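Reader: Hi, I have a structure open and I'd like to talk it through with you. Could we start with the ligand and then move on to the domains?

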Amino acid sequence: MSKEIVLSGIRPTGFLHLGNYFGALRNYVRMQEDYNCYFFVANWHSLTTHPNTKELQQSVHRVIAENIACGLDPNKVALYVQSDVPEIAELYLYLNMMAYKGELEKTASFKDKVRSNPENVNAGLLTYPVLMSADILIHRALYVPVGKDQEQHLEMARNFAERFNNRYGEVFPLPKAFNYNSELVKIMGLDGNGKMSKSENQMATLYLADDDETIRKKIMKAKTDSGPTAPDSEKPDYIQNLFTLMQLVSTKDVYNQFESNYNNCNIRYGDFKKQLAEDMAIFIKPIREKAAEIQHDNVFLSKVIKEGAEKARESASKTLLLVREVINMNY
Ligand code: AMP
Ligand code: TRP
């Protein structure tokens, strides 16, 4: 039986961080063993908010290097750059006819970006979810490993696919957001403000490229409070976030110890953060070192990118053939 198809992408808008790792990359690495996987760098998407392309090439190379450093094997998956696969742009064009202005304007990510950058509300930004749907549907992918912030985009991809299928014929399976632990992940910033992200407060974001000292500094500055006053209290979200990070990088025993300290109201956040910082530094170090090594190996990177594009285009052109057939565009 042929394996089910998986696809996901990351924008090259900055250094990758723990939100990317735990929301996306960690799942990619596990999925490569069991599925037919396509992972890519979404450089067209980055143009919707980052028109200055001076550092784009370097960022694309770094994201590819960081993907491999996290454990992706380019021999097992197709690891490619979006702009190397022009078939995506053609499918984007067809899907744009299935997308209504009203629903695009209501998308949460669009409204956020209009608010944060009112002087550049371009059509690419409005149709961001359509391009993302084309990324997914071009390989007829079923599972899409992403963080919680992408849930709405996935719902839109399913709608566009369904409309296409109803109008022209069954070409696309309906794709689903995926996480091994059933719940999609959202890692908050260390300052307790919103999601950890590439370009917001840098002190609140733990990057996979941070050195040990920077990691310690950031974690020791993370937002805490004076601690719980009643046993077994619910944790405020910024404390829960630190516990989530500890659960991800520390041993079970360490985690359980602090969890029980919290529940007994005798947690010392200084000790808690020190332990988290140590374990986090141990976790990030090998990824940082491997990524740095790969990033400077241009011969290797070019080979990976070229082979990735070949695999992606082979699959994409098959889908496009079907698409053209059902919409009577084959002359
Ligand atoms: P982006 O960096 O926005 O291109 O996101 C790439 C992937 O990382 C997507 O699957 C996102 O859902 C995921 N991601 C980004 N930030 C976070 C976060 N703070 N928590 C969980 N997942 C995230
Ligand atoms: N929109 C995603 C993000 O901001 C990146 C992305 C683009 C993507 N195309 C995709 C993710 C296709 C999954 C599938 O993180």
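Reader: How far is a nitrogen atom of ligand 2 from an N or O atom in the side chain of Gln150?

Author: In this model, which is a predicted one, the distance between a nitrogen atom of ligand 2 and an N or O atom in the Gln150 side chain is 3.0 Å.

Reader: And what about Tyr128 and a nitrogen atom of ligand 2?

Author: For Tyr128, an N or O atom in the side chain is 2.7 Å from a nitrogen atom of ligand 2, and a polar side-chain atom of Asp135 also lies 2.7 Å from a nitrogen atom of the ligand.

Reader: How many residues surround ligand 2?

Author: There are 14 of them, and the closest are Arg11, Tyr128, Met132, Asp135 and Gln150.

Reader: OK, switching topic: which domains is the protein divided into?

Author: Domain 1 covers 5-185 + 297-327, while domain 2 covers 210-291; 9 residues from domain 1 and 9 residues from domain 2 take part in the contact.

Reader: How much area do domain 1 and domain 2 bury between them?

Author: They bury about 730 Å², with 85% of that on carbon and sulfur atoms. On the side of domain 1, Leu18, Phe22 and Ala69 lose the most area to domain 2, and together they account for 61% of what that side buries.

Reader: How many salt bridges are there between domain 1 and domain 2?

Author: The count is 0 salt bridges, and across the interface there are also 0 residue pairs in polar contact, counting pairs with both at pLDDT 80 or more.

Reader: Then which helices of domain 1 each supply at least two residues of the side touching domain 2?

Author: Those are α1 (18-31) and α3 (56-69), and by class the side of domain 1 that touches domain 2 has 7 nonpolar, no polar and 2 charged residues.

Technical notes:
Residues numbered from 1 in each chain as written. Chains lettered and ligands numbered in written order. Predicted model: local features only at pLDDT ≥ 70, side-chain atom pairs only at ≥ 80, totals over all residues. Heavy atoms only, no water. Domains from an automatic or database assignment. Contact = heavy atoms within 4.5 Å. Buried area = accessible area lost by both parts, 1.4 Å probe. Salt bridge = Lys/Arg side-chain N within 4 Å of Asp/Glu carboxyl O. Polar contact = N/O pair within 3.5 Å; in protein donor to acceptor, adjacent residues only side chain to side chain. Helix = DSSP H or I, 4+ residues; strand = E, 2+ residues; numbered from the N terminus. Nonpolar A, V, L, I, M, F, W, Y, C, P; charged D, E, K, R; others polar. Near = heavy atom within 4 Å.
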